[in-house]
Amino acid sequence: MKEFTPSEIKNLLIKSKIYTSEAKMEFTFLRVKSLVDKDAVGYTFQAWLRDWFIKKKIYFNQRHNSQKSPDFIIKKKENLGWLEIKVYGDSGASFDIKSWDAYLNLMLIEPYYINADYLIFNYTINKNKKITIKKIYLKKIWEISKPMTARSQIAWPVSLQYKNKNIVNLRPNQSILEGNEPTFFKNKIEFLEAIQNTIDMYGKSQDKYKDGLWLKNVKTKYKEIFNEELK
């Protein structure tokens, strides 16, 4: 198995004619064929991508606990090569980047998650009920987020889902993702500072995270692992 960069993986998918190929979401059991619901596209596509990696002899690893980040690890060197897979259809990029609490906790333990790459697939379902890929995006987390506007219930410093007075998930900003707006956060530190500002605004944040403490601890852990400043 050979190591590929995220960019090389994206380019190889395009070279393999992913934009002109079709997939049929079908489950056959007891000689009965059933179309798989579109809610299962993300999970099914990720399973397909794993098998495509194997066929193309692309090195990857996955954690034993499938619920833990990332979806794939594509570097042999420890703490590098984290690759997340996201998929969305014509209804828009409303996928969850990460649950809010999970992201805060993960960054305190494995702060190199900030370096993860997001390989994002935008698909459509045609009149023959087949899936085609319209576009592939390769982004960092700070490249798909921006402050929420005054039209939102609360103008949070980052894009997120706020429901029943709770911050639930980090969400992408579709306009930025698809290149209709310039990237708002210029680097990972600007994004993490916005996360800290969100923590300070959010009334249900734990005190141990407020007043800059969360970001301070993330930076400390990052330096402990890599012996360099998070910047």
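Leu213 is located in helix α6, where helices (H or I, at least four residues) and strands (E, at least two) are DSSP runs numbered from the N terminus. The model is predicted, so local features require pLDDT of at least 70 and side-chain atom pairs pLDDT 80 or more, whereas totals for chains, interfaces and linings use all residues. Residues are numbered from 1 along each chain as its sequence is written, and side-chain values use heavy atoms, with hydrogens and water left out.

With a relative accessibility of 36%, Leu213 counts as partly exposed. Buried denotes under 20% relative accessible area, exposed over 50%, and partly exposed the range in between (1.4 Å probe, protein chains only). Not counting residues up to four places away in sequence, Leu213 touches Gln196, Asp207 and Lys208; contact means heavy atoms within 4.5 Å.

Tyr123, by comparison, lies in strand β6 (residues 117-125) and counts as buried at 8% relative accessibility. Its contacts, leaving aside neighbours within four places in sequence, are Lys38, Val41, Val87, Tyr88, Gly89, Asp90, Ile131, Thr132, Ile133 and Lys134.

The table lists two C-alpha separations.

| Residue pair | Separation along the chain | C-alpha distance |
|---|---|---|
| Leu213 and Gln196 | 17 residues | 8.3 Å |
| Tyr123 and Asn79 | 44 residues | 31 Å |

At the N-terminal end, Asn187 caps α5 through a side-chain oxygen 3.2 Å from the backbone nitrogen of Ile189.

The axes of α3 and α5 come within 13 Å and cross at roughly 120°. That makes α3 oblique to α5, since angles under 35 degrees count as roughly parallel, over 145 as roughly antiparallel, 65 to 115 as roughly perpendicular and the rest as oblique. Axes are lines fitted to C-alpha atoms, for helices over the stretch in contact, with angles from 0 to 180 degrees between N-to-C directions. The contact is formed by Trp100, Tyr103, Leu104 and Met107 of α3 together with Phe191, Leu192, Ile195, Thr198 and Ile199 of α5.

Conventions. A polar contact is a pair of N or O atoms within 3.5 Å; within protein, one must be able to donate a hydrogen and the other to accept it, and residues adjacent in sequence count only if both atoms are side-chain atoms.
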